[in-house]
Amino acid sequence: MTRRDREEKLGDSSMNVKLAKVIVIVALIVASRFVVDAVKAQAGAAPGAQGATNAPELKKAEEQFKNIQVLKGVPAEQIFPTMQFISASLGVECEFCHVHNAFEKDDKKPKQTARKMMEMMFAINKDNFDGHREVTCNSCHRGSAHPQAVPAVMTEELREGESKEAAGGGKPTEAKENAGPSGEQLLDKYVQTLGGTAAINKITSRVMKGTIDFGGKSVPIDIYSKEPEKRISFTHMPEGESVTAFNGHEGWLGTPGRPLREMHGSDLDGASIDADLHLASHLKAMFSEMRVRGTEKVGDHEAYVVVGLREGKPPIQLYFDQQSGLLVRMVRFGETALGWLPTQIDYADYRDTDGVKIPYRWTLARPSGRFTIQVSDIKQNVPVDDAKFVKPAAEEQKAPAK
């Protein structure tokens, strides 16, 4: 099995919340990462964004955080998403393993167990899969703190030709084998369906107004985009504005009453994709290879599934509606020390605006939560001041005493 085959295989794979917490969740998901706030308390000021000019050399985990044992040598920027990966795989929150506001302490037994489990996982992959990451926390836990050792009973009668997993709500259905168009042909059709390369590349700015729905609430949101690869959103919360921004080389987010937070690693990768007004015409150049995995259902429609492989980065899955040719879903993955964290974006309500079809609704989902943005108004090729995309000076933040 080649590395690319393994990548493709792995890629397949309440209202009772206080409003303050909801604000933080939305801001962080919009930035494509639910940052583990308490973990960050271990560290001092975070290093500069990976893409920033003259950025310092990336720190290792043990250089930025206290009491790192198993994850020594891992880039410090991967510690937050790695903790998210564990949280999503086990269906637990930070304090299942960690002491509140003292994450470096070893007082809780689950933290000791987690270290042993990580060592076991690394050993399994080393001894059985030539060191390739085939087994992860989620392979056994599947959202539960205690892996299910006993097979589940069938919850519904099987229909003829239906798999047990489909009837019981198990793993997602496999894509149907493809005997249709190539990835290049699907991308070409997508570009033409949107309006063509020339029309797409004429767009130099875009201002969108609408609402963002999350946790049973709906609040206004304004999104400003400008070439090259600049994007900032303002979510108008009762307590103030929640901001998510990318200016072409660094990204950040701000929430009312909290210090500025910088994006790192996979977040910057995702932010640059979201900020690209000409993404459709740039997709081919992003991939070293494209493979069509057949078709899958997205909503009520069949969609061709294209896996785009990228050098040194996780692949991206693109789902093109079989009839219209429009992109209806994108799945991208964030790198962690233990496995990939998925981000799924579903696009809908395409409308012709200035000669280019644009999705007026999209839903972003991650293991930590989801939200939907519905756009009501779009203006393109209008002046957008570059000052909007200037990162504000971060307030000096001292690490808490230990």
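Predicted model: local features only at pLDDT ≥ 70, side-chain atom pairs only at ≥ 80, totals over all residues.
Residues are numbered from 1 along each chain as its sequence is written, and side-chain values use heavy atoms, with hydrogens and water left out.

**Nonpolar cores**
- The largest nonpolar core has 42 residues, and those touching the most other members are Tyr190, Leu318, Phe320, Leu327, Met330, Trp362 and Ile373.
- A core here is a set of buried Ala, Val, Leu, Ile, Met, Phe, Trp, Tyr and Cys residues joined through side-chain atoms within 4.5 Å; buried means under 20% relative accessible area with a 1.4 Å probe, protein chains only.
- Another core, of 21 residues, lies apart from it and includes Ile68, Val70, Phe80 and Met83.

**Helix H12**
- H12 (residues 279–286) has Leu279, Ala280 and Leu283 buried.
- Seen down the helix axis, these buried residues fall within an arc of 85°, so they line one face of H12; the arc is that of the directions from the axis to the C-beta atoms.
- Their cover includes helices H9 (183–194), H10 (197–201) and H11 (266–275), plus strands S9 (313–321) and S10 (327–335), where contact means heavy atoms within 4.5 Å.
- Helices (H or I, at least four residues) and strands (E, at least two) are DSSP runs, numbered from the N terminus.

Methods: Buried < 20%, exposed > 50% of the residue type's maximum accessible area, 1.4 Å probe, protein only.
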